[in-house]
Amino acid sequence: MSKSWQDTGLSYIVPVWHCYGKYHTILRNAEALALIPRALQKSLRDASPSGTLPSIPQPVSAINDLERQRKRVQQAYEADLYTLEEAQEKIKAIDTQIHEHKNGAVQRQRRELAHKQFIETLEKTRAIIDHLPQWIASDDPLKVNTLLTRLCEKIVITPAGEIIIHLRG
């Protein structure tokens, strides 16, 4: 069982909700715990993300085409149609395009995994949504922060005190 800050004998200074935006609205922990979980509940109830991301064409055929072009440039060089410098320049450009396509595939896989994790977390959170404010206030801050990070892209508190939740979905 892990120790909480109370069990360590360390003094607990002040719980902090921090921001990264332009406006730095001061919000005490008690105020944040009273307002943010309620806004999060509403956002989670209203959220209706699709189960899948929009379809993006796979780059396999484009990569195959580029690899064929690369081979043709090599053959053209061997047939003395290109100088070494010309062939190297063309091959470098093709290799760059291949790398970009492959990198795009990796990024797409990461987005799909993150979206899947968001959907799973959203479904699990909806099962306890009525108890969410109490859970956020009383559970381990590390668990709470992990949940908020998985669900929320950002939480905006305007200077007027309006709370806007941007879900990751």
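Start by selecting Arg-70 and Asp-95: they form a salt bridge, with the closest N and O atoms 2.6 Å apart. (Salt bridge here means a side-chain nitrogen of Lys or Arg within 4 Å of a carboxyl oxygen of Asp or Glu.) This pair ties together distant parts of the chain, since Arg-70 sits in helix H2 and Asp-95 in helix H3, 25 residues apart. Helices (H or I, at least four residues) and strands (E, at least two) are DSSP runs, numbered from the N terminus.

Before you click on, some ground rules. You're looking at a predicted model, in which local features need pLDDT of at least 70 and side-chain atom pairs count only at pLDDT 80 or more, while totals for chains, interfaces and linings use all residues. Residues are numbered from 1 along each chain as its sequence is written, and side-chain values use heavy atoms, with hydrogens and water left out.

(Buried is under 20% relative accessible area, exposed is over 50%, and partly exposed is in between, using a 1.4 Å probe and protein chains only.)

**Next: H2 against H3**

Now show H2 and H3 as cartoons. Their axes come within 10 Å and cross at roughly 170°. (Axes are lines fitted to C-alpha atoms, for helices over the stretch in contact, and angles run from 0 to 180 degrees between N-to-C directions.) The two helices are therefore roughly antiparallel to each other. (Under 35 degrees counts as roughly parallel, over 145 as roughly antiparallel, 65 to 115 as roughly perpendicular and the rest as oblique.)

Contact means heavy atoms within 4.5 Å.

Stay on H2 (residues 60-78) and select Asp-65 and Arg-68, which are three residues apart, about one turn of the helix. An α-helix has 3.6 residues a turn, so residues three or four places apart point the same way. The side chains of Asp-65 and Arg-68 meet in a salt bridge at 2.2 Å, N to O. Asp-65 is partly exposed at 35% relative accessible area, and so is Arg-68, at 44%.

**Next: from H1 to the H3–H4 loop**

The structure holds four salt bridges. For another, pick Arg-45 and Asp-130, whose side chains meet at 2.6 Å, N to O. Arg-45 is in helix H1 and Asp-130 is in the loop between H3 and H4, so the pair links distant parts of the chain, 85 residues apart. Arg-45 counts as partly exposed at 48%, whereas Asp-130 is exposed at 52%.

**Next: the buried face of H5**

Select H5, residues 141-151, and find the buried residues Val-144, Leu-147, Leu-148 and Leu-151. They cover an arc of only 95° around the axis, which puts them on the same side of H5. (The arc is that of the directions from the helix axis to the C-beta atoms.) What covers them? Look for helix H1 (29-46), helix H3 (84-127), helix H4 (132-138), strand S1 (152-157) and strand S2 (163-167), among others.

Now click Thr-125, which is found in H3. Thr-125 is buried, with a relative accessible area of 3%. Leaving out residues up to four places away in sequence, Thr-125 touches Leu-44, Leu-132, Leu-147 and Leu-151.

**Last stops: the hairpin and the overview**

Move to S1 and S2, which pair in the antiparallel sense over five bridges. (Two strands pair if DSSP finds at least two bridges between them.) Cys-152 stands opposite Leu-167 in S2. Five residues lie between the strands of this hairpin, and Gly-161 takes a positive phi near 90°.

Ala-114 is in H3 and is partly exposed at 43%.

Finally, zoom out. The chain has five helices and two strands, in the order α-α-α-α-α-β-β. Of its 169 residues, 24% are buried. Among contacts with a separation of 6 or more, residues 24 or more positions apart account for 62%.

How values were computed:
The arc is that of the directions from the helix axis to the C-beta atoms.
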